[in-house]
Amino acid sequence: MSKVTQIAHPLILHKLAFIRSKNTGSKDFRELVEEVAMLMAYEVTRDLQTEEVEIETPICTTKCKMLAGKKVAIVPILRAGLGMVGGMTKLIPAAKVGHIGLYRDEETLMPVEYFCKLPQDIGERDVIVTDPMLATGGSAVDAIALLKKKGAKNIRLMCLIAAPEGVKNVTDNHPDVDVYVASIDEKLNENGYIVPGLGDAGDRLYGTK
């Protein structure tokens, strides 16, 4: 069963307030999203496996813990998910980065893959999918299904802000995927935007309308 974790750290909440503000410009918005992603990554990676290694300090030889087991892959959902990658790779510089681009066919309502480039060993990695907003959850559900089709097994989803509807959609469709968010907001409005939300994350990241 999916675990849904809300990471309500004071530093994250503080930065999230600036991210939500309509007065925050693209430059500051990008920097804040990257910073919050880095802070969230601390919690998202809490259960990564470690192994004991022997290290020689300037004083003596000692045993320390280092990362072991599966390696990490960060997979942003284009385009807004890209804004979270920089913060995560600062903490996990050895992580490989994949990219997924999807849109829904207006007639069939089926997901159409327009771009997918993943590490060749995706099935052997801990995969962290990034997207700032989890609104209806449609893109996340489709992206996770595509990752599974490509062989990924251990997947977790990381978002800044989620609507309850989006969280339910992901956990219903992918009960084996844990979800990490900084905030679960009130609802979706009639246009599918999260309330109170932060507007369109992609437009605010890249200055487009």
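A quick word on ground rules. This is a predicted model, where local features need pLDDT of at least 70, side-chain atom pairs count only at pLDDT 80 or more, and totals for chains, interfaces and linings use all residues. Residues are numbered from 1 along each chain as its sequence is written, and side-chain values use heavy atoms, with hydrogens and water left out.

**The pocket and its loops**

A pocket here is an open set of points on a 1 Å grid over the protein atoms alone, where a 1.4 Å probe fits, with protein on both sides within 12 Å along at least five of seven lines; lining residues have an atom within 4 Å of a point. UniProt also lists R79, R104, D131, P132, M133, L134, A135, T136, G137, G138, S139 and D200 for "binding site" (unreviewed entry). From this set, the lining of the largest pocket takes in R79, R104, D131, M133, L134, A135, T136, G137, G138, S139 and D200.

Now for where some of them sit, with helices (H or I, at least four residues) and strands (E, at least two) being DSSP runs numbered from the N terminus. G137 is in the loop between β9 (133–134) and α4 (138–149), while G199 is in the loop between β13 and α6. R79 belongs to the loop between β4 (71–76) and α3 (85–91), and P196 to the loop between β13 (194–195) and α6 (201–206).

Two peptide bonds deserve a look, since most peptide bonds are trans. The one from L78 to R79 is cis, with omega near 5°, and another cis bond joins V195 and P196, with omega about 0°.

**Helix packing**

Axes are lines fitted to C-alpha atoms, for helices over the stretch in contact, and angles run from 0 to 180 degrees between N-to-C directions.

| Helix pair | Axis distance | Angle |
|---|---|---|
| α1 (residues 10–20) and α2 (residues 26–44) | within 10 Å | roughly 155° |
| α4 and α5 (residues 164–173) | 8 Å | about 25° |

So α1 is roughly antiparallel to α2 (over 145 degrees). Contact means heavy atoms within 4.5 Å, and L11, I12, K15, F18 and I19 in α1 meet F29, L32, V33, E35, V36, L39 and M40 in α2. Those residues divide into 10 nonpolar, no polar and 2 charged, where Ala, Val, Leu, Ile, Met, Phe, Trp, Tyr, Cys and Pro count as nonpolar, Asp, Glu, Lys and Arg as charged, and the others, Gly among them, as polar.

G138, A140, V141 and I144 in α4 meet N169, V170 and N173 in α5, a contact with 4 nonpolar, 3 polar and no charged residues.

Key:
Angles under 35 degrees count as roughly parallel, over 145 as roughly antiparallel, 65 to 115 as roughly perpendicular and the rest as oblique. UniProt positions are given in the numbering used here, feature names are shortened, and annotations may be inferred rather than shown by experiment.
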